[in-house]
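Me: I am new to this structure. Please explain the terms used for its strands and helices, and set each against its definition.

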Amino acid sequence: MTDTKGAPGRRVGVRDVAALADVSRQTVSRVLNENPDVAQETRERVQAAMAELGYRVNNAARALGTSRSHTIGVLASDALLFGPAQSIAAIEASAREAGYWVSAAFAEADDATSVTSAIEHLLAQGVESIVVVAPHAATLDAVSSLAIDVPVITLHSSGQGEHGLSIDQAAGARLAVAALAEAGHTRIAHLRGPIDWLEAQSRADGYTAELTARGLPVGPIVAGDWSAGSGYTAARTIVDSGVTAVFAANDQMALGLLGGLHEAGVAVPADISIVGFDDIPDAAYYWPKLTTVHQDFTAIARRAVEFLVGSSPSHPPVAPVMPVLVVRDSVARRD
């Protein structure tokens with residue numbers, strides 16, 4: 001190889017790689033664009049030259065020449081909450097495994113202008129497809145009103161939309177309620193999530209469906225906002241209702257409920273049993289350890305990336321991912 005280095009302070013380019021690898025610039029371009037018509041020995045020599053020179057691929061420039069950016073856009077709202085945050089991280093990891101990168105834009109869920117601006121930003125980056133982490137109906141409505149010329153798939157949408165991919169929230173709620181009913185509880189409350197969240201509604205629907213199927217009374221249903229604080233505040237209402245069990249729509253609210261019940265002198269699970277939802281890492285360390293519904297965010301992210309990278313945009317998404325009940329110490333048998 002020719003011992004050619006880029007000048008100090010100058011960005012290393014294709015010309016430098018070609019000189020060091022002793023190949024043409026066209027050959028370097030074919031390696032960068034994963035053209036199969038390059039001998040393996042030549043490909044390895046070019047890759048070694050890129051590594052030695054510290055060459056970095058300019059995705060924007062490559063996209064101009066190939067119409068491929070190898071970038072997936074992610075539109076998200078409420079990204080600090082557990083479910084959306086886990087999904088975004090899992091999408092990034094799955095995309096990287098597939099040789100893609102992620103460009104993220106964040107929007108106010110109930111602001112159509114914010115959603116539109118975020119989508120336009122992603123399209124301006126040359127993304128090849130978009131994953132909408134959309135827990136709100138308003139976000140889906142805003143996205144569906146736009147003319148988007150790349151494939152789009154939605155997560156956390158409870159399967160709504162033409163290409164909605166989800167974890168079966170209603171099935172998870174039914175698992176939670178069934179665990180309480182099979183432990184002998186007949187008065188089971190629901191600490192529900194915000195009314196404008198699609199997943200909160202699906203979990204509430206699953207709660208009602210399982211109780212109705214078992215001939216048990218529905219309610220009370222106590223409003224929450226996903227926070228531990230709302231679970232803590234709900235404790236007094238739940239104690240006064242006389243129930244012996246609660247299905248909390250997420251683990252953070254269950255945590256607050258545990259604290260509120262403790263302060264009220266109510267023992268968990270001896271007096272009131274609790275099942276949460278999400279299986280956040282801390283749930284195994286609550287006191288008592290929380291029985292909860294586990295969501296496999298890695299599985300749903302992997303399916304989304306596989307759909308966008310390897311399938312035709314017209315191909316229907318796969319069936320919902322099924323959640324799993326994780327049994328710990330917060331449920332006691334009621335005889």
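Reply: Contact means heavy atoms within 4.5 Å. This is a predicted model, in which local features need pLDDT of at least 70, side-chain atom pairs count only at pLDDT 80 or more, and totals for chains, interfaces and linings use all residues. Residues are numbered from 1 along each chain as its sequence is written, and side-chain values use heavy atoms, with hydrogens and water left out.

Me: What makes β1 and β2 a pair?

Reply: Helices (H or I, at least four residues) and strands (E, at least two) are DSSP runs, numbered from the N terminus. Two strands pair if DSSP finds at least two bridges between them. Strand β1 (residues 71-76) and strand β2 (residues 101-106) have 6 bridges, in the parallel sense, and therefore pair. Within this pairing, L75 stands opposite A105 of β2.

Me: Why is the crossover from β1 to β2 called right-handed?

Reply: The term applies if, with the strands pointing away from the viewer, the path from the first strand over the helix to the second runs clockwise. The chain passes from β1 through helix α5 (residues 82-97) to β2, and this β-α-β crossover is right-handed.

Me: Why are β7 and β9 called edge strands?

Reply: The open sheet of 4 strands has the order β7-β6-β8-β9, with parallel pairing. β7 (221-223) and β9 (273-275) each pair on one side only, and are therefore its edge strands.

Me: Which strands does helix α9 lie across, and at what angle to β6 does it run?

Reply: Axes are lines fitted to C-alpha atoms, for helices over the stretch in contact, and angles run from 0 to 180 degrees between N-to-C directions. Helix α9 (residues 198-213) lies across β6, β7 and β8 (245-248), at about 170° to β6.
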